[in-house]
Structure formats: structure tokens, C-alpha cells
Amino acid sequence: MPLHATSGVVGAGALAYATLALAALRLLLSYKSALYALRRLWRCADEWAQAYQYHEVPRFACDGAENPLFRKAAAYVAALPSLEDSDAASVLSSASRTNGGLSLQLGPGHTARDSFLGARLAWTNADGGGRERLVLRVRRHDRTRVLRPYLQHVESVADEMEQRRRELRLFANTGVDGATGAPRWASAPFTHPATLDAVAMDPDLKARVRADLENFLKGRAYYHRLGRVWRRSYLLYGPPGTGKSTFAAAMARFLGYDVYDIDLSRAGSDDLSALLRHTTPRSLILVEDLDRYLQAGGDGEARVLSFMDGVASCCGEERVTVFTMRGGKEAVDAAAVRPGRLDVHIQFTLCDFEAFKTLASNYLGLKDHKLYPQVEEGFHAGARLSPAELGEIMLANRGSPSRALRNVITKLQHVSGGAPPRNPAHKRNTSWSVTGQQWEEQSARASADSTEADETAAGAPAGGGVFGKDAPMREFKKLYGLIKIKSRREGAGVVPLEGEAHGPPTPGNHDRERLVS
């Protein structure tokens, strides 16, 4: 067969295949279009067969006053997921950072659908004739069951959205008004960027704190059913620089609450409860260094305890109180931290290796590094650093992660010195306790584990492990060999330690390696 005839046959076959593919594509598109048209037709038929009731929500009342429900309903409709799937919507620039700074609004004549308690509802923007209004459509047989609860739901969601968007403020008491005796407050925008996600804390504990705060936010009806004041109190205690104040700021940011930073030393001498009476709902009340006031003794201690009791009795509801202490709970009277005064106790300790990795991820963007084994050995030797110390090292060396890690290793060696490990078995830099038998049992088990670890550490020989200043060169060589073994753990064999006989390792060598580690 001639070459030109073969080429013609191939070209005709390719054209036929292309024609078939185009026909199949058009059929598929037509099928999807037909399904969409059928759905629209079914919806129209269903709406035509149902009896509906329409409720107008005008922007302005007859007397010219603005209708608050219109503003809340408009905000609620703008957040409906169905608005993105509607046939048409208005796109506006938003000051919010969410969704890329853009927001959707229901345009004139457009409809957005919603569902509530199994009932289908629809909002229509009936703007026209100089009147701004939203129209809510409800099936007639559902109106008695869902209309009032649905409008309450709309108001509740809109209020929550408004609280989330509003600017948080920080209040601090600056003294007492000499004429009225009322406390004076200075305020400023609360711009602390701390978040619960960025806090270096045990993940399980962080999840429990987050769940506790979420349950509090949704617990108005539950607290009222129990006959309790809707408030929650937390005690954050631990050494300075462990992140207590930052965690309190992250709690306020998560809740969307204003912060009242109360300095008891600036309060009047007669009634500390006046400070609480001048706070507002949806606020976090922060009192730092509580142990300093409790250890003062005399009338000062009694006034502080009365202040703590007053949180429940005279400052209203929907408040979270946070107290911080620089030392342990054993330094103050047990009555000061009893259940009822302080609901949740969270201990902040110095950083371990897990907390260090969280900080390194936040400050340096590191998930792993070749120097991590040396850092881990430093923590295992008993050295501990506060989050503030580690954060400052990483912040100063953020341009060079390797230099930052070397500085951390040097700091760990300096802290370790020649002292024995303080608590080498400790693996978490925070702990939690609340009222109830379950948490008491967990606290007892944790205390037993800590006591056993302390006894083991007390019986260990002095010298600070391989990070001691007086460690012989042979120990550093063994550490170097151990690091090489860890780095090649996935290899075919084990690299012998420097200074040992060449050849395959013996059981004695492995025993010495375990002793070093």
C-alpha cells in the first residue's frame, strides 16, 4: 500500500476517535445539565405544592428606628454555607482576615436556603422601592414548631459572630477615685498574638484545656440548671518564665473575652470586691502572683481570700478568672486553693525535650535537625530551661537554626554543671488537676511516679552525666559514637565506638552503650 494511502487511513481514524470523544463529552455535559434541570424542576414543583408563610424583617421600624433583628439576620445569612452555592451573590471586600478578606452578601432578589430542626427555610433579599428588608419563608405546618426557636438561634449565632469580630481590650486598675471610691481603669486594645496552638504544652493537656473552655462557652443552660454561677476559675502555677501569662492571654484570645489585669496592691483598702463589680460580662479576670499576697498573712490574706470568694457572689456571670503563682501549691494554705475558689489547677514546669521541639518548630520552623540528638541528651542529663530562655536564644539566632541549637546545647551544658539530674524521668512540662475522684487518682499516680523517679535520681552517681564539666574525654568519645549509631540506625550494621577494638560489637560493648545513654 502506498505511504500516502496509509497516512490517510491513520488520519481518518484519529479524526473519528476525536469525533467520538467530543460526542461523549457533550453527552456527559448534557447529562449533568439535565440532572441540574431536573433538580430545579423538582424544587419548583415541591415549592408550588407546599403552603408557605412569609415574615418580613425590615431594616427600619415604622417610627424610623433601626431594627436590630435586621442587622443580625443579615450577618447570619451572609455566613450561610448555602450562600456560596446560590445562583447569585454579591461579593464585597471585608476588613476581616478570614476568607482572603472577601465576604458574600445576599443580593437583591436572591435567595439563600437554610435548615433548622428538620424544617427547610429560605431567606430572600426583597430590597426594592426604597425599603431594605429580608423575607423569611417557612412552611406553614412548621411555623409553630420552628419559627420562634429559629429566630432565637439566628440572634444567638449573630451575637457570637459579633463578639468574635469585635476588638478585644485590656483593662488595668490604676487606683481608686478619691471622690466616689470607685476603682479607676485604664484600657488599651488587647493585641497579644498568643494562641493555644502556638503554646508549648503537652498536646493532650492542651486538648483538655481547649475542651474545658469550649464546654464553658456553651454551658449557660447547664450552669443555671445546676443553680451555679456561670463562671470558671483556673490556677496557673510554676517557676517564672514558664509561660503562665502567655497562656492566660491565649485563653482570652480563644474565648474572645476582654482582659482585666487586676493589681491587688493598687486596690483600695476597704473593699476588693468593688473591682469585680466594675468588670463586664465576657471577660477574663487575671490576678498574677497570688502567692505573694497570700503569704503576706494577717488582714491582707483574709482580704484576698474574700476577693476570691467574691468572684462567685458579686461580679455576675460569664467570666473566667485566672490566678498565677510563681511557686508550688504547697507554699500557700490549702484552703486558698480548695475547690470552689479555684476549679482547675495547671502546673507549668521547665521545658523538656518535647516542649523544646514545639518551640523550635514555632521559632525556627524545624521539624528535625542533625543536632537534635545532642539536645535530647542534654535534657536527659537533667538540664531544664524555661520557655522564655529557649525562646530568647531562638529569637536571637532565628537566621541560623544550627547556631541556635548549638547555643541551646551550650546552655544545657552550663545548666547541667556537675549536679545530678533533678528529674530525668520527667517527660511533660505541664500537668493538670481538677476536682473529682478521677483526677485525684491520676494525681496520686503521677505523684508516685515522680517520687520513684526522684529516688532513682538520688541514688545515681554525681557528675551530671555526659554533660558535666568534669566528664573525661573517654565519655565524650562514647557519646560521639552513640550519636553515630543513632544516625545510622537504619543502616545494615552498627558502627563501633571510637577507642574500642575494631570489628563487630560485643555484648559488653552494647552494655556500655546503654550505660552511657
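## A walk through the model

Guide: Strands β5 (residues 119-125) and β6 (residues 133-139) run antiparallel and are paired over 5 bridges. Please keep in mind that this is a predicted model.

Visitor: Which residue of β6 is the bridge partner of A122?
Guide: Residues 119-125 make up β5 and residues 133-139 make up β6, and the two strands pair in the antiparallel sense. The bridge partner that A122 has in β6 is R137.

Visitor: Which strands stand at the edges of the sheet, each with a single partner strand?
Guide: The sheet is open and has 4 strands, in the order β1-β6-β5-β4, with antiparallel pairing. Two of these strands have a single partner each, so one side of each is left without a neighbour in the sheet. They are β1 (52-58) and β4 (111-116).

Visitor: What angle does the direction of helix α3 make with that of β6?
Guide: Helix α2 (residues 68-78) packs on the sheet and touches β1, β4, β5 and β6, with its direction at about 70° to that of β6. Helix α3 (residues 143-165) also packs on the sheet, touching β1, β4, β5 and β6. For α3, the angle with the direction of β6 is about 145°.

Visitor: What kind of aromatic pair do the rings of F356 and Y372 form?
Guide: F356 lies in helix α10 and Y372 in helix α11, 16 residues apart. Planes over 60 degrees apart count as edge-to-face. The ring centres of F356 and Y372 are 5.6 Å apart and the planes are at 65°, so this pair is edge-to-face.

Visitor: Is F353 buried or exposed?
Guide: Buried means under 20% relative accessible area. F353 has 10% relative accessibility, so F353 counts as buried.

Visitor: And is Y372 buried or exposed?
Guide: The cut-off for buried is under 20%. Y372 has 4% relative accessibility, so Y372 counts as buried.

Visitor: How many residues of strand β9 are buried?
Guide: Side chains in a regular strand alternate between the two faces of the sheet. In β9, R231, S233, L235 and Y237 point one way, while R232, Y234 and L236 point the other way, and all are buried. For β9 (residues 231-237), the count of buried residues is 7 of 7.

Visitor: Which residue in β13 is the bridge partner of L235?
Guide: β9 runs parallel to strand β12 (residues 319-325), joined by 7 bridges, and there S233 has T321 as its partner. β9 also runs parallel to strand β13 (residues 344-348), joined by 4 bridges. In β13, the partner of L235 is H345.

Visitor: How far apart are the axes of helices α12 and α13?
Guide: Two packed helices are described by an angle and a distance between their axes. For α12 (residues 387-396) and α13 (residues 401-416), the angle is about 145°, and the crossing is right-handed. The distance between their axes is 9 Å.

Notes
Residues numbered from 1 in each chain as written. Predicted model: local features only at pLDDT ≥ 70, side-chain atom pairs only at ≥ 80, totals over all residues. Heavy atoms only, no water. Axes fitted to C-alpha atoms, helices over the stretch in contact; angles between N-to-C directions. Left-handed = near helix turned anticlockwise from the far one by under 90°. Pairing = 2+ DSSP bridges. Contact = heavy atoms within 4.5 Å. Buried < 20%, exposed > 50% of the residue type's maximum accessible area, 1.4 Å probe, protein only. Phe/Tyr/Trp six-rings, centres within 6.5 Å; stacked < 30°, edge-to-face > 60°.
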